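Biologist: I would like a close look at a single part of this model, taken slowly.

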Amino acid sequence: MVPTWSEPLAAAASRVVGGPLGRHALIGRTAFWTPLRVILLVTVAVLALGWLGKSPCLQQYRTDDGTLALDWRDNRQYVAMCYSDTVPLWAIQNLDDPAALPYRDPWVENAGQPEENERYMEYPVLTGFHQWAAARVADGWAGLAASVGWLPSALPVVLYFDVSAAWLALAWLVTVWAVHGLRPSRPWDAVLVALSPLVAVHVFTNFDALAVASATAGMLALARNRPVLAGVLIGLGGGFKMYPLLLLGPIVLIGLRRWRDGSGPPRPALLTAGAALATVVAVNLPVALAWPAGWGEFFRLNRTRAADPDSLYFAVSHFTGWAGFDGPLAAGQTPEVLNAVSLVLFLVCCAAIALLAWRAPRTPRLASLGFLVVAAFLLVNKVWSPQYSLWLVPLAVLALPRARILLAWMLVDALVWVPRMYYYLTPENMGLSPDWFLGTVLLRDAAVVGLCVLVVRSVLRPVTDPVRAIGLDDPDWPAPAARARVGA
């Protein structure tokens, strides 16, 4: 598949370097610059741009007493739009204390105030221990730099950010590699994952790249007839963030649909789902048994938090004056009705997707159903943190590899960050009113709904599916003629 022959955007961009590939051009004669290596190099460039975007929040200065401090004066994190959760979490979540262990050791929030309470690590188990390990590596580097005298060093929080960023960058390289492996006949589709504006803005905003890499690598393992390995990787992804487990529904659906149609046994789907659930239990059970209060903090916070500003509920409430399903909430009050409504809406969406999978003229592709499920979860959930959009990037590219459409959505989604930062700055500090931010949130939601419509169309009319148009069935599923390998 030659992009400059089949993709209008690639053909237009190629005019800068002489136009589309010629019919008699010699292809594959270079020993080093393979498509994968070029794509990974592009990924490294975008990741470097992402780090530079966060770098203003890593600046240091000397206080009046000569102490070195992080320069977040005058709301730099919002004015420079460089905010990353990694930086404040260093102190907030006890990561600056080498003796503290996540989930075991609490800290006191709002000490001495009426709302004082005991807190624990608020992330899923693997993300929590990833942060702790990165913090300890940062401590080790600081100690080594102090002892030898010639190694570069900085504030511990800056070193912690850089160590975390290195692992997140590696995770996104794995994601790009996996997408490339899933599309051997369309290798340049992975460029869309590498060049995504969402990567430049959000890959270092939080730790979601770890879950995305696990989920995408799990899909690649399944496509290569290794269902147990696929389940283990998806389960590990569930240890970083819960969203990779959403892919199990589409996997089981496709396995059952293929079984019904006589095109393959359900064994790969069942093995993948079983291995994923076993891995999630194996990762979580030791922590849950040893420190149940700390392990349950993630679930407690997700249950008690109100609708975030990025959610559809908050935007509708702001523009209409609606008080929300629960009405005004007191501090710490759980939005019980909102939780129930969000869950019911998601289950309704899942039922509709299952019906689509069962009634479609051909078995839908895994990427198509996976994208629909994850997009539905984000649209009806009460929280859509900005970095959650990274979840959709590889799935969207695999489900709907149309460059212009995807880049338009990614650009809109990435630009939500600008009014978001100035919304948090507040008008009193020369920021923006909520209308600008919430307006872009609704625009982002509309763009994702539009992508869902196009994916549903490709399921109902397979002739419009750009992947199936070149003669492929489902490159994300084990080939029917191949015997699935159950071991890693």
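Which helices each supply at least two residues of the lining of the largest pocket?

Modeller: This is a predicted model, in which local features need pLDDT of at least 70 and side-chain atom pairs count only at pLDDT 80 or more, while totals for chains, interfaces and linings use all residues. Residues are numbered from 1 along each chain as its sequence is written, and side-chain values use heavy atoms, with hydrogens and water left out. The helices that each give at least two lining residues are α5 (86–92), α15 (297–304), α17 (336–359), α18 (366–380) and α21 (417–425), where a helix is a DSSP run of H or I with at least four residues, numbered from the N terminus. Of these, α15 provides the largest share, seven residues. A pocket here is an open set of points on a 1 Å grid over the protein atoms alone, where a 1.4 Å probe fits, with protein on both sides within 12 Å along at least five of seven lines, and its lining residues have an atom within 4 Å of a point. The largest pocket holds about 1800 Å³ of space, a volume being the space filled by probe spheres set on the points, which are joined across faces, edges and corners. Its lining comprises 47 residues, and Leu301, Asn302, Arg305, Val383 and Tyr388 lie nearest the centre. By type, the lining divides into 26 nonpolar, 10 polar and 11 charged residues, with Ala, Val, Leu, Ile, Met, Phe, Trp, Tyr, Cys and Pro counted as nonpolar, Asp, Glu, Lys and Arg as charged, and the others, Gly among them, as polar. As for α18 (366–380), phenylalanine 371 is in contact (heavy atoms within 4.5 Å) with Leu392, Leu395, Ala396, Ala399, Leu451, Cys452 and Val455, leaving aside its neighbours within four places in sequence.
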